[in-house]
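Please look over the sequence and the model below. The report that follows is meant to be read beside them.

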Amino acid sequence: MDPKEDKKSASNSPVCVHNPHLDALTDDILYHFSLGTGTHNLPAMFGDVKFVCVGGSPWRMKSFTEYIAAELALKDPRSEYPNICAGTDRYAMYKVGPVLSVSHGMGIPSIAIMLHELIKLLHHAHCTDVTIIRIGTSGGIGLEPGTVVVTKQSVDATFQPKFEQMILGQTVVRNTDLDLSLAEELLQCSKEMNQFETVIGNTMCTLDFYEGQARLDGAFCSYTEKDKRDYLMKAREAQVCNIEMESSVFAAMCKLSGLRAAVVCVTLLDRLKGDQLRSSPDVLHNYQKRPQMLVVDYIKKQLKAKAERR
């Protein structure tokens, strides 16, 4: 195939849903967003979205919206940005220009519910060529606190690159590969910024924060400190750089829907050296800004390149 034609075919990529039952709905209610196709003009509200950034905390995503608005000079950074999902307390959503920011809560179930409705929203809004990036925090393995990890693959607690879900009593296994070219573009952005260490590596996604991540400080613990260290060293040998609780389902669902996706998380501590966060609030706040800074720099460069092509 002619490279030009291949590039053309890759553009205007729609957001895919794989559910024939949606065609029978006269009004698709996105309950946890307090939005719907019968009550809102989704193409008018969201049709220009090209970048979606998701993170656990509603406060963090509002802060991200204010930050990117200032950086892109899209609106007055002192202005208020309304929560589009104000009709519900489940998630928060903010929009500035072509950038949509959405909170997803904590853990696989919470982000999975949000992604179902987000993917349908983007589909109903006829969005194309959408890039979605999860920005968040994590525990590092053998990395200095403050290091940013761009995920190559999300792996489960046995270090396998897969996401397992029970559907109708059957185990369904889905792929957790992320867009490697996007990861490399983000890494290059970080090198050009030259403000903090950034690496590409595997991310382990667990089902909880304590025992599932081999912590010794939960309400329950049935293993020794040596057991913990041996397990984390095995993870390191499997090229796991960090641990969090959302990347596997995020990668699986984005791949199914044709979304170009990345996970960018800062490490708040080295889990080989401890379990509890002992850095000061100011230091942790600085760390948490790093994924935002990197993603905003990436979006700025993409929008500038698009403007120059016109």
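## Confidence

This is a predicted model. Its chain has a mean pLDDT of 94. Of its residues, 95% reach 70 or more.

Residues 1–10 stand apart from that picture: pLDDT stays under 50 there. The model has two contacts for this stretch beyond four places in sequence. Where pLDDT is low, the predicted coordinates should not be read in detail.

## Helix α3

Helix α3 covers residues 58–72, which makes 15 residues. At 1.5 Å a residue, the helix should span 21 Å. Its end C-alpha atoms are 21 Å apart, so expectation and model agree.

Both ends have a feature to check. Just after the helix, alanine 73 takes a positive phi of about 55 degrees.

The buried residues of α3 are Arg60, Met61, Phe64, Thr65, Ile68, Ala69 and Leu72.

## Helices α5 and α8

Helix α8 also packs with α5, which spans residues 180–193. The angle between them is about 105 degrees, and their axes lie 9 Å apart. An angle from 65 to 115 degrees counts as roughly perpendicular, so α5 is roughly perpendicular to α8.

From α5, the contact is made by Leu182, Glu185, Leu186, Cys189, Ser190, Glu192 and Met193. From α8, Met293, Leu294, Asp297, Tyr298, Lys301 and Gln302 take part.

## Valine 49

Valine 49 sits in the loop between α2 (42–46) and β3. Its relative accessible area is 0%, so valine 49 is buried.

What does valine 49 touch, not counting residues up to four places away in sequence? The list is Lys95, Pro98, Leu100, Leu122, Cys127, Thr128 and Val130. Threonine 131 is 82 residues from valine 49 along the chain, yet their C-alpha atoms are separated by 9.2 Å.

## Serine 154

Serine 154 belongs to strand β7, residues 148–155. Is serine 154 buried or exposed? It is buried, because its relative accessible area is 0%, and the cut-off for buried is under 20%.

Its side chain has a polar partner: a contact of 2.8 Å joins it to the side chain of serine 247. Leaving aside neighbours within four places in sequence, serine 154 is in contact with Gln160, Pro161, Lys162, Thr176, Thr203, Cys205, Ser247 and Ser248.

Note on methods: Residues numbered from 1 in each chain as written. Predicted model: local features only at pLDDT ≥ 70, side-chain atom pairs only at ≥ 80, totals over all residues. Heavy atoms only, no water. Helix = DSSP H or I, 4+ residues; strand = E, 2+ residues; numbered from the N terminus. Expected span 1.5 Å × (residues − 1). Buried < 20%, exposed > 50% of the residue type's maximum accessible area, 1.4 Å probe, protein only. Contact = heavy atoms within 4.5 Å. pLDDT = per-residue confidence, 0-100. Axes fitted to C-alpha atoms, helices over the stretch in contact; angles between N-to-C directions. Parallel < 35°, antiparallel > 145°, perpendicular 65-115°, else oblique. Polar contact = N/O pair within 3.5 Å; in protein donor to acceptor, adjacent residues only side chain to side chain.
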